[in-house]
Every structure is written in C-alpha cells, then in structure tokens.
Amino acid sequence: MESKVLDGLMRPKSIAIIGASTDPTKIGYTVVNNIIKGGYEGSIYPVNPKADEILGLKSYKSLQEIPGEVDAAVITVPSKFVLEVVDEAGKKGVKGLIIITSGFGEVGNKELEATVVAKAHEYGMRILGPNIVGTLSNSEKLNASFAPLLPLPGKGALVSQSGALLIAMDMATFTRRVGFEKLISIGNMSDVDFADLVEWLDKDETTSCITLYIEGIKDGRKFMNAAKKATKPVIALKAGVSAHGAAAAASHTGSLAGAAKVYGAAFQQAGVVQATDLGNLFDLSLALSLQPPMKGDNLVIITNGGGVGVLATDAAERFDLPLKFAPKDVQEELKKHMPVFGSAKNPVDLTGMAGYDWYHDSTKFVFSHDWADGLVVLYCETAMTEPMEIAQGIKKALDESGMLGKKPVTVSFVGGDKSEKAMQWLVENEIPAYGAPDLAVHAISALREYDRMKEIISEPEETITTANKEIALKAIKAARDDGRDSLTEIEAKQVFSAYGLPVTTTYLAKSEEDAIKLAKEIGFPIVMKIVSPDILHKSDAGGVKVNIKDEAGCRDAYKTILTNAKAYKADANIHGVAIQEMAPWGTEVILGSVNDSTFGPTMMFGLGGIFVEVLKDVTFRVAPVSKKSALRMISEIRGAPILAGVRGEAPRDRVKLSETISSYAQMIVDLSEEISESDANPVLVYEEGKGLKVADARIILKKK
Ligand code: COA
C-alpha cells in the first residue's frame with residue numbers, strides 16, 4: 001500500500017502543476033516546460049486561477065476542474081497558499097505531492113510544515129519536500145523539476161538533500177559522463193525521507209544502485225534498517241562531519257564521537273558504501289550501478305605500463321585490497337596469453353607493445369579464471385596502439401569470458417582525447433572507466449567493501465541475557481533523587497556491575513576510621529579516590545592516590561585527598577573517599593558510549609591512556625553490538641597488535657573484552673532513556689583467559 005502511494009508520486013500516470021504560469025521567469029512555467037520538453041507521456045494538467053492555456057496545454061482554474069485522475073501534483077505556489085492547495089489535492093484524490101515551495105521548516109516555519117504533512121496524511125497522500133527542486137526520471141521521461149534537463153541516462157538513482165547541488169550534479173552527469181536513471185530532490189524531508197526512498201528504489205526495476213547526498217538524517221535507526229534490507233548497493237556522501245556533537249561533552253567518549261565517526265559506523269553497519277567527496281560519489285555510482293559485488297580478495301591488475309601498475313598497486317593497498325601473486329600454475333597458463341617479455345605476476349605487465357590481441361587474450365584468460373575475483377585493466381596511450389581498439393578488445397574479451405555480471409571489472413585509460421573517447425565508449429557499454437588508475441582501484445575496492453559489509457550484516461546477532469536492569473535503575477534513581485545528572489564512580493560501577501562488567505571492588509569511606517576498616521577488608525595495596533558529584537575529573541583535583549600499601553598511607557591519603565578536593569572546589573559536595581582494590585597492571589583500554597541525536601546509543605572502544613588522549617585511536621558502533629562485531633572493533637583499531645601481543649607479550653583476553661563490549665552495548669540500549677554519555681576508563685585487560693577489570697567508571701544521565 002505504502003509503496004503504491006509512492007509509485008503514484010515517483011511514477012505518475014498523470015501530473016498536475018499547481019501554480020503553473022505563463023510567465024517564463026516563474027518556476028511554475030519552467031516546471032511545465034520541463035515536463036513537456038522531457039517527453040513525458042502521461043497527462044499534464046497545468047493549474048492556474050487566471051490562465052486558459054499554458055505552453056499550448058489547456059490550463060485549469062482548479063484541481064477539481066480536471067476531468068481525469070491526478071497521480072502527482074507539483075506545487076509551485078507561495079508557502080502561504082500551500083495548505084489550501086494540499087486540501088484541494090486531497091479532495092481530488094491526488095496520491096503524492098512534490099512541494100517545490102520554500103519557506104517551511106528550513107526557515108523555522110516548522111508548524112506550517114507539520115500542518116501541511118498532517119493534512120496530506122488525512123487524505124493518505126505522501127509529500128516529497130517541501131523546499132525541493134523536484135524529481136527527474138529518464139525511464140518515465142519526466143522532468144518534474146526546475147533543473148534544466150533530464151540527466152545523462154544511467155542505471156542508478158541519486159537522492160540529494162541539497163537542491164542546488166542536485167541541479168549542479170544533473171549538469172555534471174554530462175561532463176563527467178556518469179549517468180543516472182533518476183534524480184530526486186528530498187529537501188526538508190517533512191514526510192518522505194531517505195529510508196522511504198531507499199526502500200522504494202530498492203524495489204524499482206529501473207534502478208540498480210542508490211546514491212545519497214546526505215546533510216542530516218532525522219531517524220537514524222529507520223535509515224539503517226532500510227539500508228540493511230536493501231538488495232541494491234547504497235552509496236552515501238555525508239556532508240557536515242566537522243563540528244557535530246563534540247561540544248559540551250562531559251566524557252571522553254562524548255568528545256570523540258563526532259558525526260564522521262558515528263555516521264561512519266552506522267553506514268558500515270547498514271552496508272552503506274561511503275563516498276569521500278563529490279568526485280568519488282560519481283565514481284562509485286558508476287561502478288556500483290554497472291558492476292556486481294566483488295566476492296573475494298583476489299584482485300588482478302592488467303597493464304601496459306609499469307607506472308600506472310605501481311600506482312594501482314599502491315591504491316589497492318590503501319583501499320584494503322592488497323594485491324597477491326596468482327598461484328604458479330595460473331601464472332604459467334597466463335604466460336601463453338601475453339608477450340614473452342611481459343610479467344605474469346600481479347600486476348600483469350603486457351608492456352608498451354601490447355595491442356588489441358594481448359589485451360584481449362590476457363583479459364579473457366584472467367577474467368574467466370576462478371582465481372580472480374575482480375579485474376582492473378589499465379592502459380597508457382602509446383603511439384603504437386589505438387585506444388578505441390584496446391577498449392574493444394577488452395570488451396570483447398569480457399563478453400566472451402561469460403563472467404560479466406558475475407564478478408566486477410573496472411578500467412583506466414591514461415592519455416588524451418582518444419583515450420577519453422575510448423573510455424566513453426566503454427561506459428556506454430557498461431564497463432566503468434576512469435581517467436586515473438587509483439580511481440579504477442578505488443571503485444573496485446568499493447565493490448569489495450560492499451560485499452564484505454553485506455556478509456557481516458547477514459551474520460546472526462547474539463544477545464546478552466545476564467543483565468539486571470532493576471539494580472542499574474536503582475543506582476540511577478539514587479542520583480536522580482539527589483538532584484544529580486551524573487553518577488558517582490561507586491554508583492556508575494553498580495550500574496556496570498549489573499550488566500556483568502567486572503569492576504574493581506569499591507567501597508565508600510565517610511571517615512578515616514571507615515577507610516582503614518574497608519582497606520583491611522579489601523587488602524592492601526589499595527587505591528583511594530574522591531567521591532563527589534561536583535568533581536568529574538578526579539585526577540585534575542588531586543583526588544586520586546594509588547598503590548597505598550599500609551594503614552599510615554591510608555590515613556595520609558584520606559586527609560590529602562579531602563584537602564585537595566576542597567582546594568579544587570571549595571563548595572563541592574563531597575560524599576567521602578572511595579576505597580578500591582588496586583587492580584594489577586594490564587593493557588589499558590577505554591569503553592564508552594554516547595546517545596547520538598540521530599542514531600541513539602552508540603558504543604566506543606579504543607586503547608586507553610595516551611592512545612585515546614593523543615592518538616584518538618578509537619572505533620564506534622551503533623548499539624547493540626554482537627560479540628563478533630565487538631571482536632571486529634578490537635581488531636580494527638590501529639593499536640590492535642598491542643592487544644594481539646607484540647614483542648613477546650602474551651595476547652590479551654580479547655574474548656572477554658568482546659563480551660564486555662557487547663554487554664556494555666546492551667546496557668546503553670536498555671538504559672537509553674537514562675544514560676547520555678558514559679566511560680569505563682581505564683579498563684585493564686589481562687592475558688588470555690585472565691579477563692579484565694574496570695578500574696574507573698563515569699555515567700552522565702540525560703537531563704529530565
Ligand atoms: N492554485 C493555482 N495557482 C495559484 C494558486 C492556486 N491556489 N495561487 C497562486 N497561484 C499561481 C499564481 O497566480 C502564479 O501564477 P501567475 O504567474 O499566472 O500569476 C503562480 O501560482 C505562482 O505564484 P506567485 O505568487 O507568482 O509565486 P512565485 O512564482 O513568485 O513563487 C515559489 C512561488 C513557490 C517559486 C516561491 O514561493 C518559492 O518557494 N521559491 C523558492 C523555491 C525553491 O528554490 N525551491 C527549492 C529549494 S532547493
């Protein structure tokens with residue numbers, strides 16, 4: 001049902017333009033003109049209170065006058081008239097509205113926007129926009145927008161949150177020679193959002209790949225679910241990753257969780273391929289709309305020049321697809337299909353003499369061989385060869401291999417006009433071709449990354465069952481009852497402990513005598529820390545003493561800590577001093593969380609101490625996090641070898657660590673209504689089989 005309504009919006013059999021105009025300077029004129037020029041074959045109904053005819057078409061005074069059904073209505077009247085027009089459209093039985101008009105949520109007019117959406121929903125209509133350029137589809141020959149032309153035809157769809165950029169990209173399809181089947185301007189996303197379009201485009205037969213230019217997503221989880229379910233590649237370019245979230249963070253994790261990290265994690269978890277910039281957005285769209293995913297790591301590069309071969313080899317390593325030599329027998333066989341003075345290693349170097357035949361034969365052999373999972377063919381223009389002939393040789397070989405569509409291939413020609421023409425011909429024949437070797441490698445690596453992500457998504461998720469949410473909520477309630485929005489270390493450890501996190505034994509001493517008694521109970525050596533909701537950074541306040549070996553030391557530390565705390569913040573509310581077991585040395589890591597405004601509870605993991613402070617060597621996942629996914633987090637940070645065991649050090653207990661990350665993630669999901677940010681830092685990780693200890697804990701609550 002839902003998708004039928006969107007069909008009416010995206011593939012209308014009839015379209016009305018409300019606010020159509022005879023004045024060529026108006027958007028209402030341009031839209032009618034574009035629809036006619038584009039060759040749309042459905043019924044076109046201009047609506048204008050005064051005109052009888054617009055651009056040779058009969059014009060209607062109102063929607064009600066239109067004799068036939070109207071699937072979609074493009075609205076180009078000023079914002080103050082939009083609500084009334086939406087009501088009329090509803091009465092007429094219009095299915096979808098393309099609201100080009102600006103002046104809604106984007107300028108603070110949120111109430112009007114919400115009212116318009118509510119009115120449309122009363123009639124079961126969906127809205128694209130407002131504040132959009134419109135929508136364009138080559139297969140429908142429909143340019144329902146004020147962008148000048150339908151884009152160069154291609155197989156992918158491009159959805160853009162920026163209208164101006166959509167028009168610019170429309171024009172750029174001709175200069176970059178990367179076509180699109182559809183361009184959709186999504187604007188304020190008052191109703192139809194990225195998730196709705198991903199879902200709809202995934203079912204749309206004319207779309208092979210979905211490319212998104214994103215400034216901000218409203219409902220992160222809805223988007224992730226739609227992208228995860230998509231059977232076609234989804235590519236996203238996220239703009240505005242530089243200054244999000246980092247402000248006003250009270251935890252380490254909060255200060256590290258910028259949009260780049262959290263969106264990056266969400267995209268990865270949802271199987272969305274991330275484009276790095278506009279150029280890359282086009283490059284990846286070309287490859288992912290034309291070629292299938294790469295299902296293994298064996299990439300072969302064929303070249304006629306050492307230089308481009310080396311550049312491509314470097315790129316392959318940079319994009320996580322390092323080259324391997326083919327097995328000896330494959331190399332021996334390959335030698336029969338290339339010049340004797342060439343190299344059958346990887347890159348396969350045909351040398352500068354190689355013409356049609358060698359390109360054809362080696363390409364056919366490699367692409368049809370089981371060992372190769374993907375192929376990049378490079379060519380440097382030479383005086384002895386014709387680029388178009390080489391292109392034709394490559395294409396013929398690919399066709400004859402019978403493997404086109406089963407494994408991916410990309411091509412790069414470096415040269416002049418002839419090379420450009422040859423590449424254009426290749427693209428027209430659905431072989432992605434690029435002007436530089438690293439671009440061809442980047443594109444094929446995206447096809448590999450896409451396959452890897454999809455495989456991970458298909459893994460079953462294990463859930464944690466040992467949690468005791470009630471105990472955790474009790475500790476949180478104690479802080480709330482006390483009027484606080486941060487937990488003391490002792491309370492935070494109670495919450496962690498309720499989720500099975502192994503915290504260091506910690507008691508609260510309210511007097512020196514208390515401290516001695518508790519220290520003896522724990523056993524020396526001990527750690528002592530100030531407990532005050534007003535002192536979050538305890539070390540900065542001189543509020544932490546470690547390795548206290550005896551009673552005298554304990555008395556001394558008690559006095560010093562209180563004196564330092566008072567000097568640091570005279571009016572601090574001091575609960576007492578925490579007496580803690582001194583955990584033996586282990587590798588320091590940090591676990592933490594933020595409650596991201598788009599994606600909700602999100603988990604962070606990284607090496608602790610200087611690594612987190614200076615190198616920011618951390619990784620994120622939108623929670624929950626399965627144990628397998630947690631193991632991947634552990635192995636993807638730069639410092640992973642430290643945990644794997646370097647220089648004779650025993651490997652650390654990564655299994656226990658992965659379980660702890662997974663439990664922590666479950667905790668932030670269960671308590672997402674309560675916890676805003678949190679850190680377990682440091683967490684000391686011991687040798688394999690010996691577990692870990694959470695030595696310090698911080699939880700900041702959501703403000704209520
Ligand atoms: N039904 C049908 N037509 C109506 C109408 C109604 N209820 N109310 C007004 N109209 C007609 C007007 O008479 C006019 O036609 P005319 O030229 O024959 O007089 C036409 O609709 C347009 O109205 P007008 O008042 O002239 O507005 P405009 O064309 O100057 O501006 C918008 C209208 C929508 C273009 C403008 O408000 C706007 O939002 N511009 C920004 C759009 C934009 O950039 N969007 C994308 C951002 S990325």
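The structure is a predicted model, in which local features need pLDDT of at least 70 and side-chain atom pairs count only at pLDDT 80 or more, while totals for chains, interfaces and linings use all residues. Residues are numbered from 1 along each chain as its sequence is written, and side-chain values use heavy atoms, with hydrogens and water left out.

**The ligand**

The ligand is surrounded by 22 residues, where a residue counts as near if one of its heavy atoms lies within 4 Å. The closest are Ser21, Lys26, Asn48, Lys50 and Ser102. The shell divides into 12 nonpolar, eight polar and two charged residues; here Ala, Val, Leu, Ile, Met, Phe, Trp, Tyr, Cys and Pro count as nonpolar, Asp, Glu, Lys and Arg as charged, and the others, Gly among them, as polar. The table lists polar contacts, which are pairs of N or O atoms within 3.5 Å.

| Side chain | Distance to an oxygen atom of the ligand |
|---|---|
| Ser21 | 2.7 Å |
| Lys26 | 2.8 Å |
| Lys50 | 2.9 Å |

On its own the ligand has 970 Å² of accessible area, of which the protein covers 72%, as computed by the Shrake-Rupley method with a 1.4 Å probe.

**Ser59**

Ser59 lies in the loop between β4 (57–58) and β5 (72–75), where strands are DSSP runs of E with at least two residues, numbered from the N terminus. Ser59 is buried, with a relative accessible area of 2%; buried means under 20% with a 1.4 Å probe and protein chains only. When neighbours within four places in sequence are left aside, Ser59 is in contact with Pro46, Val47, Asn48, Ala51, Asp52, Glu53 and Ile54, contact meaning heavy atoms within 4.5 Å.

**Strands**

Strands of a sheet pair through backbone hydrogen bonds, either parallel or antiparallel. Two strands are said to pair if DSSP finds at least two bridges between them.

Strand β5 pairs in the parallel sense with β1 (residues 14–18) over four bridges, and Ile17 stands opposite Val74 in β5. Four bridges also join β5 to the parallel strand β6 (residues 96–99), with Ala73 opposite Leu97 in β6.

An open sheet of five strands runs in the order β16-β15-β17-β18-β19 with parallel pairing. Its edge strands, β16 (348–349) and β19 (433–434), each pair on one side only. Strand β15 (residues 299–303) pairs with β16 over two bridges, and Ile302 stands opposite Val348 in β16.

Methods: Polar contact = N/O pair within 3.5 Å; in protein donor to acceptor, adjacent residues only side chain to side chain. Buried < 20%, exposed > 50% of the residue type's maximum accessible area, 1.4 Å probe, protein only.
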